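Hi everyone, thanks for coming. Today I'd like to walk you through one structure, piece by piece. Please have a look at it before I start.

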Amino acid sequence: MADDKKSKHRHRSIVFESMYPVLALMLILVACVELCDAATVVDVYRLIQYDISGVPFGSRFSSLNHHAASLSFQRGADLSRSVLILPLRELDIGFVQDYISQKQSLGGLLILLPQTFRPGNVGGGSVISETEGFRKLLAQLEKLLIHGNIPFPVYFAFENEETDAMLADVKKNDALGQQATATTGGYKLVISVSEPRKIASPTITNIQGWLPGSRADGDSNQLPTIAVVASYDTFGAAPALSVGSDSNGSGVVALLEVARLFSVLYSNPKTRGRYNILFALTSGGPYNYEGTQKWLKSLDQRMRESIDYAICLNSVGSWDNELLVHVSKPPDNAYIKQIFEGFSNVAEDLGFQVALKHKKINISNSRVAWEHEQFSRLRVTAATLSELSTPPELLESAGSLSDTRQLVSEDSIIKGVKLVAESLARHIYGHQGKDVKIFADDSSLAVNPFYVRSWLDLLSQTPRVAPFLSKNEPLIMALKKELEDYTAEVSVQHESLDGTFTFYDSTKASLNIYQVASVTFDLLLLLVLGSYLIVLFSFLVITTRGLDDLISLFRRPPSRKVKMA
């Protein structure tokens, strides 16, 4: 009996050993199947999420796990388990509006932008012409998305070979009229991120630099002051893409170059003017110029009263022949006349024009249209120099997706710098006549195109939405250092953003694109593999141990009662 038991045990061990090659083959096949499901990873940028006085706006969700769909379906189709891929080139505003305003079901929205809108990208004339054709469409889309309460995730991405190939395949499948599902296969889009959280105590940071003038008794505090101001932060549909090359990167670049030019003049006691010059880079511009208001209120009253006038620079990077001087005081005001005549004379010498636009302030309304209005509310004479004829609405045109580097002209910024620098110099030094060029192109005080280009390139690659900037943000430190190089007594002011606005994190993510086969195909493959493995196993057992051993594997073992008997 003992020998029979040993023999049977040996036979079973041999049979199980014969299964090892089968198991190894199975693992190899499974590994091959898994490799076929490898993912393509694409950087995506989430639509902004914020509240105003508790009212929700923007996208309210961030995670995605649905199949891809295209615009091949009719309006109103149930896409609650699909991510709609929407190239800007095929934008249908009405289609998107249906799913936002009418609360239609949509699993998610992925908007594909041309590479020309990538921050820092510089294109030629044909590229600019192509981009201009999309700007209005993109502006309409941004306005719709920013001011809507969207109950599904919305992301932006840039077109590339992977997204183009995926979209082409998706369109072919959708053309059949059947949505991609687990049973039909297709592409699955997955973004695994935690749900957005409120940003606690977002801050706005103002940076101030001071160029003291020359006075006989040495006390520059008694001198009049001219302020040059520009708001540097942005706001747009996608915070991680809101670089605002023109609004207001161009204004920041112009201010820095004006500061550099006057630092040269003021470094020499013989050419130092009898005016102090105050340079301020303010934050909170898109939020009713809140940073400007808090900065002004933080100034010593004597300092604020010493300001002769202030020039605010806003969007001076894409104009041709005319800039506008926006004011709040009546055009016949003596100070306004003096400022405008100074600009007009310089502009005429430089070969272009400036025009005056007056807009009265509504004191009962806390909303301000231009940055200079914060000065006017405190009875400080001020004006805004801009290419814009009308002020942007709240949270609009302050770093939109289309406001990128290739649409900004360095020549326009340089002309704006010359206009501001020459008019200030003529006012400071009393040269009111024409044909006086202190900052001539062939002089040591010429505008530096390389400096302008370098800072414009940097700002065009750096998103600057204030609530997402830390107090020690590299850009803020770089701006502070730049003013320290050209001015004295540089100070940084940190303030809390008005509690009216609430912002949420999660602005950038990685999109995993999986190409998945249908369940029918998977079941068929499983059936074929299973049949093959059963036949192979049976063949190995029969050839090694015989048919009886194979049959014995499937026999029911005798019960314990039979053995006891």
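**Two helices side by side**

Let me begin with a pair: helix 5 and helix 12 are roughly parallel to each other. How do we know? Their axes cross at roughly 25° and come within 8 Å, and angles under 35 degrees count as roughly parallel. Before I go further, please keep in mind that this is a predicted model.

Which residues make the contact between these two? From helix 5 we have Val-252, Leu-255, Leu-256, Ala-259, Arg-260 and Ser-263. Helix 12 brings Leu-479, Glu-482, Leu-483 and Tyr-486.

**More on helix 5**

Let's stay with helix 5, which runs over residues 245–266. Is helix 5 mostly covered or mostly open? It is mostly covered, with 21 of its 22 residues buried. Its length works out as well: at 1.5 Å a residue, 22 residues should span 32 Å, and the end C-alpha atoms of helix 5 are 30 Å apart, which agrees.

There is a detail here that I'd like you to find on the screen. Ser-247 and Asn-248 are joined by a cis peptide bond, with omega at about 5°. And where is Asn-248? Its place is in helix 5.

**Over to helix 10**

Now please move along to residues 410–429, which form helix 10. This helix has 20 residues, and from its first C-alpha to its last it reaches 28 Å, close to the 28 Å expected at 1.5 Å a residue. Helix 10 is mostly covered too: 16 of its 20 residues are buried.

Have a look at both of its ends. At the start of helix 10, Ser-409 has a side-chain oxygen that reaches to within 3.3 Å of the backbone nitrogen of Asp-411. After the helix comes Gly-430, and its phi is positive, near 80°.

**Positive phi without glycine**

One is Tyr-289, with a phi of about 50°. You'll find Tyr-289 in the loop between strand 12 (276–282) and helix 6 (290–298). Is Tyr-289 buried or exposed? With a relative accessible area of 8%, Tyr-289 is buried.

Another is Ser-506, where phi is about 70°. Ser-506 sits in the loop between strand 18 (501–503) and strand 19 (508–516). Its relative accessible area is 19%, so Ser-506 counts as buried, given that the cut-off is under 20%.

**A strand residue and its neighbours**

Next, a residue in a strand: Thr-203, which lies in strand 10 (residues 203–211). Thr-203 is buried, with a relative accessible area of 15%. What does Thr-203 touch, leaving out residues up to four places away in sequence? The list is Ala-466, Leu-469, Lys-471, Glu-495, Ser-496 and Leu-497.

**Stepping back**

Finally, let's zoom out to the chain as a whole. How many helices and strands does it have? There are 15 helices and 19 strands. Of its 565 residues, 49% count as buried. And if we take the contacts in the chain with a separation of 6 or more, residues 24 or more positions apart account for 82% of them.

Conventions:
Residues are numbered from 1 along each chain as its sequence is written. Side-chain values use heavy atoms; hydrogens and water are left out. Axes are lines fitted to C-alpha atoms, for helices over the stretch in contact, and angles run from 0 to 180 degrees between N-to-C directions. Helices (H or I, at least four residues) and strands (E, at least two) are DSSP runs, numbered from the N terminus. Angles under 35 degrees count as roughly parallel, over 145 as roughly antiparallel, 65 to 115 as roughly perpendicular and the rest as oblique. Contact means heavy atoms within 4.5 Å. The expected span of a helix is 1.5 Å times one less than its number of residues. Buried means under 20% relative accessible area, exposed over 50%, partly exposed in between (1.4 Å probe, protein chains only). A polar contact is a pair of N or O atoms within 3.5 Å; within protein, one must be able to donate a hydrogen and the other to accept it, and residues adjacent in sequence count only if both atoms are side-chain atoms.
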